Amino acid sequence: MPTRDNPFLDLTAPGLPGLNPYVPGKPISELERELGIRDSIKLASNENPLGPGPKARAAVATAIANLSRYPDGGGFELRRALAARHGVDSAAITLGNGSSDVLDLVARAFLAPGSESVFSQHSFAVYPIATQAVGAQARVAKAKNYGHDLDAMASLVSNRTRVVWIANPNNPTGTWLEKTELYRFLAKLPTSCIIVIDEAYHEYVADPDYPDTSKWLSDFHNLIVTRTFSKVHGLAGLRIGYSMSDPRIAEIINRVRQPFNVNSVAQCAAAATISDKEHIKKSREINRIGMEILTEAFYRMGVEFIPSVGNFITINVARPANSVYETLLNQGIIVRPMGGYQLPTYLRVSIGLEADCLRFVDNLKAALLQKK
Ligand SMILES: *Cc1c(COP(=O)(O)O)cnc(C)c1O
């Protein structure tokens, strides 16, 4: 547990005494160990309930033959495959040990004591952590309808701003920004700051007004777009993500990157899964079905929810969400309470397989019947 009377805090980098570490979703194994139960389900970390696709699985099996070797530190094959997939230069791609790694590298490369980063309230927890870890100052814009208020964000940008973080769609709210407003916002920002568009849930969004900002890299040389293999590709456990940017930015990020930050199994699995259109299609379909089951149930139950285009949905349980979270845990269902995101009466639920969604709904119903 973090504690403020830890004497070693006097010795740390300046941002660390006030830094609240990331709180991950509870692992199934931990819950089952604690309660002595089985058959639990985890709907807490926006993982793909189908797991990896067949191409990724086959690649993992093959990659085992080379485990005694260091990985390709430059990630040549995967970067080439990603470059072809996105129509960008290989030199534009930076690989990370999860896209969170890339976010952290961006912070280390561009933020320092005296500089600032801007992001939105109710946005991804890695932005404040990466900012504070390097002693920079976070400027947090108030949210609008749970999502990014781009005007409020623009008003916080100053000559000290070096990084602006935007998750599109946003986690944990599932809100998203459309092409026109986002493009206008980017055009308004000074070139003296790096703009990170975090597109971890890109593949789930079907709306034609939702932008693929990797197409804007030639318009905005200060733009970094991040993607991950943790969500629709079902490879969260392998830890692999990437960014696309101006190669000159990639070259700078590369200076702070560990030489072998992405393991060889992850590189092979990622390269194989890029072309697995069937698996992506299936995953999106499962997500659509689960989302429909949940939202219809929420309507029927009168549970308020934030409309989401991701593979998760955040609901207002209209009482301290931790109590509902605990009740669900006791039934072997792990979701995510949102107190750490200034949403103390909200729970975030990842979309699971149909049976898991139904089990969650039944248990939520029971939990909400209990006295507040
Ligand atoms: C899940 C998520 C990521 C991806 O994290 P990885 O480190 O790639 O597993 C990045 N950004 C947001 C907003 C996310 O929700």
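Trainee: How many residues of strand 13 (residues 346-350) are buried?

Mentor: Buried means under 20% relative accessible area, whereas exposed means over 50% and partly exposed lies in between, with a 1.4 Å probe and protein chains only; strand 13 is mostly covered, with five of its five residues buried. Strands (E, at least two residues) and helices (H or I, at least four residues) are DSSP runs numbered from the N terminus. This is a predicted model, in which local features need pLDDT of at least 70 and side-chain atom pairs count only at pLDDT 80 or more, while totals for chains, interfaces and linings use all residues. Residues are numbered from 1 along each chain as its sequence is written, and side-chain values use heavy atoms, with hydrogens and water left out.

Trainee: Which residues point one way from strand 13, and which the other way?

Mentor: Y346, R348 and S350 point one way, L347 and V349 point the other way, and all of them are buried.

Trainee: Which strands do bridges join to strand 13?

Mentor: Strands of a sheet pair through backbone hydrogen bonds, either parallel or antiparallel. Two strands are taken as paired if DSSP finds at least two bridges between them. Strand 10 (residues 312-316) is joined to strand 13 by five bridges, and the two run antiparallel; strand 12 (residues 336-337) is joined to strand 13 by two bridges, again antiparallel. L347 in strand 13 stands opposite I315 and also opposite P337, while R348 is the bridge partner of R336.

Trainee: In what order do the four strands form the open sheet?

Mentor: The order is 9-10-13-12, with antiparallel pairing. The edges are strand 9 (304-306) and strand 12, each of which pairs on one side only.

Trainee: Which helices do the buried residues of helix 9 pack against?

Mentor: Contact here means heavy atoms within 4.5 Å, and the buried residues of helix 9 pack against helix 2 (54-63) and helix 3 (76-86). Helix 9 (residues 264-273) is mostly covered, with eight of its 10 residues buried, namely S264, V265, A266, Q267, A269, A270, A272 and T273.

Trainee: Where does T213 lie, and what is it in contact with?

Mentor: T213 lies in the loop between strand 6 (194-198) and strand 7 (223-228), and T213 counts as buried because its relative accessible area is 0%. Leaving aside neighbours within four places in sequence, T213 is in contact with L182, I197, E199, L223 and V225.

Trainee: What radius of gyration does the protein chain have?

Mentor: The radius of gyration is taken over C-alpha atoms, and the globule rule is 2.2 Å times the number of residues to the power 0.38. With 372 residues, a compact globule would have a radius near 21 Å, and the 21 Å of the protein chain agrees with this. Along its principal axes the C-alpha trace spans about 55 × 50 × 50 Å, the secondary structure comes to 12 helices and 13 strands, and buried residues make up 52% of the 372 residues. Of the contacts in the protein chain with a separation of 6 or more, 73% come from residues 24 or more positions apart.
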